[in-house]
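Try each task before reading its solution.

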Amino acid sequence: MKDSIISVQNLKKSYGKHTVLDGLNFEVERGSIFALLGENGAGKTTTVRILATLIQADSGIATIAGYDTHRESESVKQKISLTGQYASVDELLTGEENLVMMGRLNHLSSNTVKKRTAELLDQFELTNAAKKRVKTYSGGMRRRLDIAISLLASPQVIFLDEPTTGLDPRSRRNMWNLIQQLAKNGVTIFLTTQYLEEADQLADKIAVIDSGKMVEEGTAEELKRMIGDEKVELTFDNAKEFQQASELLQGQVSEVEQRISIPAGSPESLRKLLNTLHEHGIEPSSVNFRKPTLDDVFMDITSRKRKEQSVHA
């Protein structure tokens, strides 16, 4: 039996007549990396704020480590840590001073603060910068310090909201390695991110929500299999031919890149597709094959949503 550390059952939240969460359900396994995805306004932030005891749900039950986030909020707070989108550290203090200050604010003993500060500075590769003011730190260093601070009290669950926003590619990769290491050490990571590649690389399980409801859930590979196997990507240099091809073919169209993506199918179906274009005097500038990505899944889900809305309009 799987050991769930977070359980959300029929969670609902509205502001006036606007429904933000509409019966949300999911489970997060202990020691895993869980990614919550959705467009702006889908309900991601509200979900995290309820789980972090910052706001209350109108109805439903949310528990962390067996404690109810509403009725037993103080017990929940001892199990979790929340790191926002932007590093919230004091730039005038050194890295070490930031850790010591937050340790005291968390009512940790002097010995514990001293021990945890040294451990975290080493774990996050900040020992050499420990005595330097944070205002001299790079973006990646600040982000590492911010997460180190959130781990001072050894939480069982850490909520990471857009953890790599504003980081360069190298710093982002380093942060991914750090998050994976935290999970290996038994910390449960609840991740919200706008980078689908990030969820693909990190998450053991991904949940996609829309209008406060769960629409899809599974591993990255399971979600990708929903929309088939390989795709054929046809790219056009000629705008007129691109428009003609868009009308002839049933596929996902990118106007900006003048590209059409179509399920690969069999060699025979591909031959027919290219013959159809040839018969109309249309020649793509390139033909490429690629595996589905989470971007494809996300586009598929949002396009389905728009079609449903147009039907009910």
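**Exercise 1.** At roughly what angle do the axes of helix H3 (residues 95–105) and helix H5 (residues 139–150) cross?

Some ground rules before the solution. This is a predicted model, in which local features need pLDDT of at least 70 and side-chain atom pairs count only at pLDDT 80 or more, while totals for chains, interfaces and linings use all residues. Residues are numbered from 1 along each chain as its sequence is written, and side-chain values use heavy atoms, with hydrogens and water left out.

*Solution.* 
- Step 1: Find the elements; helices (H or I, at least four residues) and strands (E, at least two) are DSSP runs, numbered from the N terminus.
- Step 2: Take the axes, which are lines fitted to C-alpha atoms, for helices over the stretch in contact, with angles running from 0 to 180 degrees between N-to-C directions. Those of H3 and H5 cross at roughly 25° and come within 10 Å.
- Step 3: Classify the angle. H3 is therefore roughly parallel to H5 (angles under 35 degrees count as roughly parallel, over 145 as roughly antiparallel, 65 to 115 as roughly perpendicular and the rest as oblique).
- Step 4: List the contact (heavy atoms within 4.5 Å). H3 supplies Gly95, Asn98, Leu99 and Met102, and H5 supplies Leu145, Ala148 and Ile149.
- Step 5: Sort these by class: five are nonpolar, two polar and none charged. Here Ala, Val, Leu, Ile, Met, Phe, Trp, Tyr, Cys and Pro count as nonpolar, Asp, Glu, Lys and Arg as charged, and the others, Gly among them, as polar.

**Exercise 2.** Describe how H5 packs with helix H6 (residues 169–184).

*Solution.* 
- Step 1: The axes of H5 and H6 lie 10 Å apart, at an angle of about 15°.
- Step 2: This pair is therefore roughly parallel.
- Step 3: The contact uses Gly140, Arg143, Arg144 and Ile147 of H5, together with Ser171, Met175, Leu178 and Leu182 of H6.
- Step 4: By class, the contact of H5 with H6 has four nonpolar, two polar and two charged residues.

**Exercise 3.** Which residues touch the most other members of the largest nonpolar core?

*Solution.* 
- Step 1: Recall that a nonpolar core is a set of buried Ala, Val, Leu, Ile, Met, Phe, Trp, Tyr and Cys residues joined through side-chain atoms within 4.5 Å. Buried means under 20% relative accessible area, exposed over 50%, and partly exposed in between (1.4 Å probe, protein chains only).
- Step 2: Among the 44 residues of this core, they are Leu99, Phe124, Leu145, Ile147, Ile189 and Ile206.
- Step 3: H6 gives the most to this core, with six residues.
- Step 4: A second, separate core has 26 residues, including Val48, Ala62, Phe190 and Ala207.

**Exercise 4.** Is Lys213 buried or partly exposed, and what does Lys213 touch beyond four places in sequence?

*Solution.* 
- Step 1: Locate Lys213 in strand E10 (residues 213–218).
- Step 2: Its relative accessibility is 43%, so Lys213 counts as partly exposed.
- Step 3: Beyond four places in sequence, Lys213 touches Asp22, Leu24 and Val208.
- Step 4: Lys213 and Asp22 are 191 residues apart along the chain, yet their C-alpha atoms are separated by 5.6 Å.
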